[in-house]
Amino acid sequence: MNEHDKTTHTLNDLIEIARDGQEFYEEAAGKVDDADLKALFTRIAGVKAAIVNELGGAVQAAGGKAETSGTAVGGMQQFYGKVRATLGDKAYGYVAELEESEDRLLEAFEKAANDEDVPVAARDIVNRLLPEVRSCHQVMRDRKLAMKHAA
């Protein structure tokens with residue numbers, strides 16, 4: 001695989017996972033009753049959309065075609081989140097599943113950032129976006145822990 005193909009492949013994988021998160025946050029924002037959670041989910045969905053757009057621009061700059069869909073795993077996670085929210089505490093169900101979505105994205109970003117086989121240009125954009133990914137992860141982890149301890 002040449003450098004442009006490796007860049008496109010790596011960034012498109014991240015686009016798919018970030019898009020999963022974006023779609024899940026948008027759905028969750030429409031389902032929860034708590035105004036603070038709605039606002040939080042809407043804000044983080046916007047962050048995911050910005051990440052998708054930036055990664056997509058980098059894919060196109062490398063001569064590739066940006067991915068336009070999410071992953072099967074993301075779809076299953078979204079479905080499980082709906083079931084969990086329906087059967088239990090809706091707000092906590094969504095927060096817990098969204099935090100797992102954040103785990104998945106953070107793991108993928110860190111893997112790409114540390115993979116010596118990933119071209120420098122791709123690692124540069126990954127490292128530039130990594131603080132935002134970590135921040136969203138931390139917010140959702142903190143929210144999940146706070147809700148768990150409050151229950």
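The report below describes a predicted model.

**Fold**

The protein chain has five helices and zero strands. Read along the sequence, the pattern is α-α-α-α-α. Of the 151 residues in the protein chain, 46% are buried. Take the contacts with a separation of 6 or more: 78% of them join residues 24 or more positions apart.

**Nonpolar core**

The largest nonpolar core holds 41 residues. Leu11, Phe41, Leu55 and Phe109 have the most contacts inside this core. Four helices each supply at least two of its residues: H1 (3–31), H2 (35–61), H4 (90–114) and H5 (120–150). H2 gives the most, with 11 residues.

Which residues does leucine 55 touch, leaving out those up to four places away in sequence? They are Leu11, Leu14, Ile15, Phe109, Ile125 and Leu129.

**Salt bridges**

Side chains of opposite charge can pair when their charged atoms come close. In the whole structure, a search finds five salt bridges.

| Pair | N to O distance |
|---|---|
| Arginine 104 and aspartate 20 | 3.0 Å |
| Lysine 48 and glutamate 102 | 3.0 Å |
| Lysine 144 and glutamate 99 | 3.4 Å |

Start with the salt bridge between arginine 104 and aspartate 20. This pair links distant parts of the chain, with arginine 104 in helix H4 and aspartate 20 in helix H1, 84 residues apart. Aspartate 20 has a relative accessible area of 5%, so it is buried.

Next comes the salt bridge between lysine 48 and glutamate 102. Lysine 48 lies in helix H2 and glutamate 102 in helix H4, so the pair ties together parts that are 54 residues apart in sequence. Are lysine 48 and glutamate 102 buried or exposed? Buried means under 20% relative accessible area. Lysine 48 is at 1% relative accessibility, so it counts as buried. Glutamate 102 has a relative accessible area of 0%, so it is buried too.

For glutamate 99 the relative accessible area is 6%.

Glutamate 99 has other neighbours. Leaving out residues up to four places away in sequence, glutamate 99 touches His137, Met140, Arg141 and Lys144.

**Largest pocket**

Rolling a probe the size of a water molecule over the atoms shows where empty space is left. The largest pocket contains about 160 Å³ of space. Its lining consists of Lys6, Thr10, Asp13, Leu14, Ala108, Lys111, Ala112, Asp115 and Val118. The elements that give two or more residues to this lining are H1 and H4. H1 gives the most, with four residues.

How many residues of the lining are nonpolar, polar and charged? Four are nonpolar, one is polar and four are charged.

One residue joins two parts of this report. Leu14 lines the largest pocket, and Leu14 is also among the residues that leucine 55 touches.

Notes. Residues numbered from 1 in each chain as written. Predicted model: local features only at pLDDT ≥ 70, side-chain atom pairs only at ≥ 80, totals over all residues. Heavy atoms only, no water. Core = buried A, V, L, I, M, F, W, Y, C linked by side-chain atoms within 4.5 Å. Buried < 20%, exposed > 50% of the residue type's maximum accessible area, 1.4 Å probe, protein only. Contact = heavy atoms within 4.5 Å. 1 Å grid on protein atoms, 1.4 Å probe; cavity = no way out; pocket = protein on both sides within 12 Å on 5 of 7 lines; lining within 4 Å. Points joined across faces, edges and corners; volume = space filled by probe spheres on them. Nonpolar A, V, L, I, M, F, W, Y, C, P; charged D, E, K, R; others polar. Salt bridge = Lys/Arg side-chain N within 4 Å of Asp/Glu carboxyl O.
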